[in-house]
Amino acid sequence: MLALSRKQGETIVIGDDIEITVLAINKDQIKLGINAPRDVSIHRKEIYVQIQEENKAAAEMPNDTVSKLKDMMK
Amino acid sequence: MVKVNTKHFGEREVEESKVIIFEEGIFGFENQKKFVMLFDGQPEVSPFCWLQSLDDVNIALPAIKPELYYEDYNPEIGACYIEKIGEVKEEDLELFSIVVVPEDIKKMTTNLKAPVIVNIKTKKGIQVISEGDTYGIRENLYEQIKSDSEAGE
């Protein structure tokens, strides 16, 4: 992983059209400003990972789930 | 018609026009590009449908139409994501939310944060992450269904 040191107000550029600026630094938290094309999706990684895991959990259901759901709706 | 091997319903015949292309896959299954939405019986009997992969028979995710149980469901989704699957016209778009059914069915949840959107005109689909904190990844669905059916009686 590339590590760069940046101060508040400084920016890094990724490729031609993505800019990330350090807006504020507070003890153990930093605030980032991101400029990117509209079709680039930007998410907090933990949310992204949770959603991946949630889909996997949905797909890993036992075979009797179909009948369980049917019983539930009776 | 195309023959589809399904995880839960054996071999099913599905109209070719029902095949949905997910160019980016869905989260966690980025390599699965073709799905069909299978319904188990009539929608009025069961609200559950199944997003079945055509690439891998073992991948089938239960889903619901969230508006059935969350009347005011209105996730904020960037138009740029919806544009990836066609024109942004409300009447062409169908929304689904993925359901997780654990061993204890009362703990069943649905992911309102990241709905699956299908454009019925272009037959393309995408799963997106909605903005803000209005909707959670694990919203309790069991309670919602039960309270809804009690209210309907």
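How many cavities of 30 Å³ or more does the count come to? The count comes to one. The model examined here is predicted. The largest cavity holds about 30 Å³ of space. Its lining draws on both chains: A:Val66, A:Leu69, A:Lys70, B:Asp40, B:Ser46, B:Phe48 and B:Trp50. Helix α2(A) gives three of these residues, the largest share. By class, four lining residues are nonpolar, one is polar and two are charged.

The contact between the chains was examined next. Chain A brings 27 residues to the contact, and chain B brings 41 residues. The size of an interface is often given as the accessible area lost when the parts come together. Here, the area buried between chain A and chain B is about 3000 Å². Carbon and sulfur atoms give 65% of that area. Three residues stand out on chain A. A:Glu54, A:Asn55 and A:Met72 supply 21% of the area that chain A buries against chain B, more than any other three residues.

Polar links also cross the contact. Between chain A and chain B there are seven residue pairs in polar contact, with both residues at pLDDT 80 or more. The count of salt bridges between the two chains is three. One of them joins the side chains of B:Glu103 and A:Lys68, with an N to O distance of 3.7 Å. Two helices of chain A, α1 (45–59) and α2 (65–73), each supply at least two residues of the side that touches chain B. Helix α1(A) gives the largest share of that side, eleven residues. The side of chain A that touches chain B has 14 nonpolar, seven polar and six charged residues.

One residue of chain B illustrates the contact in detail. B:Arg138 sits in the loop between β10 (124–127) and β11 (139–140) of chain B. Its side chain is joined to the side chain of A:Glu54 by a polar contact of 2.9 Å. A:Glu54 is also one of the three residues that together supply 21% of the area buried by chain A against chain B.

Rolling a probe the size of a water molecule over the atoms shows where empty space is left. The largest pocket contains about 680 Å³ of space. It is lined by 21 residues, and those closest to its centre are A:Ile34, A:Ile42, A:His43, A:Arg44 and B:Glu131. Strand β3 (29–35) of chain A and helix α1 (79–82) of chain B are the elements that give two or more residues to this lining. The largest share, four residues, comes from β3(A). The lining divides into twelve nonpolar, three polar and six charged residues.

The second largest pocket contains about 390 Å³ of space. Of its 17 lining residues, B:Ser17, B:Lys18, B:Ile20, B:Met37 and B:Phe39 are the closest to its centre. Four strands of chain B each supply at least two residues of the lining: β2 (11–14), β4 (34–39), β7 (93–100) and β9 (116–119). By class, this lining has nine nonpolar, two polar and six charged residues.

Conventions. Residues numbered from 1 in each chain as written. Chains lettered and ligands numbered in written order. Predicted model: local features only at pLDDT ≥ 70, side-chain atom pairs only at ≥ 80, totals over all residues. Heavy atoms only, no water. Contact = heavy atoms within 4.5 Å. Buried area = accessible area lost by both parts, 1.4 Å probe. Salt bridge = Lys/Arg side-chain N within 4 Å of Asp/Glu carboxyl O. Polar contact = N/O pair within 3.5 Å; in protein donor to acceptor, adjacent residues only side chain to side chain. Nonpolar A, V, L, I, M, F, W, Y, C, P; charged D, E, K, R; others polar. 1 Å grid on protein atoms, 1.4 Å probe; cavity = no way out; pocket = protein on both sides within 12 Å on 5 of 7 lines; lining within 4 Å. Points joined across faces, edges and corners; volume = space filled by probe spheres on them.
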